[in-house]
Amino acid sequence: VKILMSRVLQIFRAKPNPAGKDKAGSYPKPEQLLGEWVDIKNVGTEAVSFGTMALTHTLYNDYCQLTGKIETYFSGSSGDTQSLAPGQVLRIHTGRKSDEALMKDEDKKGRDWWNFANSDQFKLNNRCGDAIVVSWKDAYGRDLQDAAEYDGNQPEGAILIRSGSKLVRASAVFGR
């Protein structure tokens with residue numbers, strides 16, 4: 001019996017619109033930036049190196065029309081030796097690692113690992129919705145990817161979970 005091994009990641013959850021006031025003056029607050037995040041789950045049978053992972057999202061114009069451009073949300077470092085084991089969840093926070101102490105408890109739960117986009121600006125689109133793509137390399141160096149999208153105007157603090165190829169509020173899936 002030959003056992004097939006696979007390196008498969010899935011965009012699992014996201015919190016695109018953290019609760020509370022987004023800005024202090026004209027700058028986003030660090031705890032708000034840490035409250036915007038995307039979870040990636042290893043649904044395969046082999047570990048996937050953080051160094052091969054990248055997370056991107058689509059860009060929209062002021063009229064919520066696709067621009068045809070994507071933006072890198074997170075990119076693993078080739079020197080990163082950590083791996084996401086089967087069943088584990090990696091959470092990518094928009095904010096900076098240096099502000100980690102400001103992270104709210106609710107944003108620490110439900111993940112095995114965390115990393116940071118190290119951005120001083122929000123990345124995910126609340127008004128228009130967004131399409132998020134995670135890419136990684138398999139054991140043969142081939143590029144693989146998974147994508148999920150969510151609709152615009154999600155409530156503040158809502159955690160979206162995967163249902164098919166969409167990220168939706170838990171109440172939409174479980175009828176609450």
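Cys128 counts as buried, at 16% relative accessibility (buried means under 20% relative accessible area, exposed over 50%, partly exposed in between, with a 1.4 Å probe and protein chains only). Its disulfide partner is Cys64, and Cys64 is partly exposed at 30%. Keep in mind that this is a predicted model: local features need pLDDT of at least 70, side-chain atom pairs count only at pLDDT 80 or more, and totals for chains, interfaces and linings use all residues. Residues are numbered from 1 along each chain as its sequence is written, and side-chain values use heavy atoms, with hydrogens and water left out.

**The disulfide**

- How many disulfides turn up in a search of the whole structure? There is one, where a disulfide is a pair of cysteine sulfur atoms within 2.5 Å.
- Cys64 and Cys128 make up that link, with their sulfur atoms 2.0 Å apart.
- The link ties together distant parts of the chain, 64 residues apart: Cys64 is in the loop between strand E6 (54-60) and strand E7 (66-75), and Cys128 is in the loop between strand E10 (113-116) and E11.
- A word on the labels: helices (H or I, at least four residues) and strands (E, at least two) are DSSP runs, numbered from the N terminus.
- The Cys64 and Cys128 link is left-handed, with -75° about the S-S bond.

- Strand E11 (residues 129-137) and strand E12 (residues 143-151) run antiparallel and are joined by nine bridges; two strands pair if DSSP finds at least two bridges between them.

- Most residues other than glycine have a negative phi.
- Asn118 has a positive phi, near 55°. You'll find Asn118 in the loop between E10 and E11, partly exposed at 35% relative accessibility.
- Asn153 also has a positive phi, near 60°. Asn153 is in the loop between E12 and E13 and counts as exposed, at 61% relative accessibility.

**Rings and charges**

- The aromatic pair count comes to one. Rings of Phe, Tyr and Trp (its six-membered ring) pair if their centres lie within 6.5 Å; planes under 30 degrees apart count as stacked, over 60 as edge-to-face and the rest as tilted.
- The pair is Phe50 with Trp113: the ring centres are 5.2 Å apart and the planes are at 90°, so it is edge-to-face.
- These two come from distant parts of the chain, 63 residues apart, with Phe50 in the loop between strand E5 (48-49) and E6 and Trp113 in strand E10.
- Is Phe50 buried or exposed? Phe50 counts as buried, at 1% relative accessibility, whereas Trp113 is partly exposed at 26%.
- The charged end of Arg91 sits over the ring of Trp37, 3.6 Å from its centre. The rule here is that NZ of Lys or CZ of Arg is within 6 Å of the ring centre and within 35 degrees of the ring normal.
- Lys41 has its charged end over the ring of Phe12, 4.8 Å from the centre.

**Around Gln154**

- Gln154 is in the loop between E12 and strand E13 (160-163), and it is buried, with a relative accessible area of 10%.
- Which side chain makes a polar contact with the side chain of Gln154? That is Arg169, at 3.4 Å. A polar contact is a pair of N or O atoms within 3.5 Å; within protein, one must be able to donate a hydrogen and the other to accept it, and residues adjacent in sequence count only if both atoms are side-chain atoms.
- A polar atom of the Gln154 side chain also lies 3.0 Å from the backbone oxygen of Asp151.
- Leaving out residues up to four places away in sequence, Gln154 touches Asn17, Asn126, Leu160 and Arg169, with contact meaning heavy atoms within 4.5 Å.

**Around Ser49**

- Ser49 lies in strand E5 and is partly exposed, with a relative accessible area of 24%.
- A polar atom of the Ser49 side chain lies 3.1 Å from the backbone nitrogen of Gly51.
- Ser49 and Asp80 are 31 residues apart in sequence and 7.5 Å apart in space, C-alpha to C-alpha.
- Not counting residues up to four places away in sequence, Ser49 touches Asp80, Gln82 and Ser83.
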